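Here is a short report on one protein model. Look at the sequence and the fold, then read on.

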Amino acid sequence: QVQLVESGGGLVQAGDSLRLSCVVAGRTFSPYAMGWFHQAPGKEREFVAAISWSGLSTSYADSVKGRFTISRDSAKIMVYLQMNSLKPEDTGVYYCASAPNWATMRNPGNWGQGTQVTVSS
């Protein structure tokens with residue numbers, strides 16, 4: 001499995017923007033899909049967004065559509081989550097995740113350590 005390391009979290013005000021980054025480390029010859037998940041305080045971890053190996057397919061949770069954008073670089077080393085118009089309910093830990101293929105992205109088996117995002121009202 002590849003190793004995933006997130007960064008970019010922080011404390012912002014409602015309406016602000018943040019960009020989360022995830023470094024994909026370790027060699028792999030298998031295409032993999034990437035995604036971001038969010039765990040709010042006291043709640044279960046939930047799907048936020050995913051992107052396919054090629055980058056041509058993306059998927060978003062309804063709660064972030066039109067506000068968040070997932071992307072990856074052509075070298076397949078970095079994955080980003082651009083978060084705009086942040087709301088207090090976006091507060092929580094954001095996890096980067098990888099899955100062997102697109103079909104398993106909603107239940108990935110590989111996780112980063114997470115990065116905290118706090119949105120004040």
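Gly8 is partly exposed, with a relative accessible area of 33%. Partly exposed lies between two cut-offs: buried means under 20% relative accessible area and exposed means over 50%, with a 1.4 Å probe and protein chains only. The model is predicted, so local features need pLDDT of at least 70 and side-chain atom pairs count only at pLDDT 80 or more, while totals for chains, interfaces and linings use all residues. Residues are numbered from 1 along each chain as its sequence is written, and side-chain values use heavy atoms, with hydrogens and water left out.

**Gly8 and its surroundings**

Gly8 sits in the loop between strand S1 (3–7) and strand S2 (10–13). Strands (E, at least two residues) and helices (H or I, at least four) are DSSP runs, numbered from the N terminus. Leaving aside neighbours within four places in sequence, Gly8 is in contact with Leu18, Arg19, Leu20 and Thr115. Contact means heavy atoms within 4.5 Å.

**The whole protein**

The protein has 0 helices and 11 strands. Its radius of gyration is 13 Å, close to the 14 Å that the globule rule gives for 121 residues, so the protein is as compact as a globular protein of that length. The radius is taken over C-alpha atoms, and the rule is 2.2 Å times the number of residues to the power 0.38. Along the principal axes, the C-alpha atoms fill a box of roughly 45 × 25 × 25 Å.

Buried residues make up 45% of the 121 residues. The protein exposes about 6300 Å², and carbon and sulfur atoms supply 49% of that area. Accessible areas come from the Shrake-Rupley method with a 1.4 Å probe; for residues, only the protein chains shown count as cover. Among contacts between residues at least 6 apart in sequence, 55% join residues at least 24 apart.

**Asp90**

Asp90 lies in the loop between strand S8 (78–83) and strand S9 (92–99). Is this residue, Asp90, buried or exposed? Asp90 is buried, at a relative accessible area of 5%. Its side chain makes a polar contact with the side chain of Arg67, at 2.8 Å. A polar contact is a pair of N or O atoms within 3.5 Å; within protein, one must be able to donate a hydrogen and the other to accept it, and residues adjacent in sequence count only if both atoms are side-chain atoms. Beyond its neighbours within four places in sequence, Asp90 touches His38, Arg67, Phe68, Ser85, Val117 and Val119.

**Ile51 and Ser57**

Ile51 belongs to strand S5. Ile51 is buried, with 3% relative accessibility. Not counting residues up to four places away in sequence, its contacts include Ala33, Met34, Ile70 and Trp102. Ser57 is also on that contact list.

Ser57 is placed in the loop between strand S5 (45–51) and strand S6 (58–60). Ser57 is partly exposed, with a relative accessible area of 34%. Setting aside residues up to four places away in sequence, Ser57 touches Ala50, Ile51, Ser52 and Trp102.

**Sequence and space**

The table sets separation along the chain beside C-alpha separation.

| Pair | Apart in sequence | C-alpha to C-alpha |
|---|---|---|
| Gly8 and Lys43 | 35 residues | 22 Å |
| Ser57 and Val93 | 36 residues | 24 Å |
| Ile51 and Gly35 | 16 residues | 6.2 Å |
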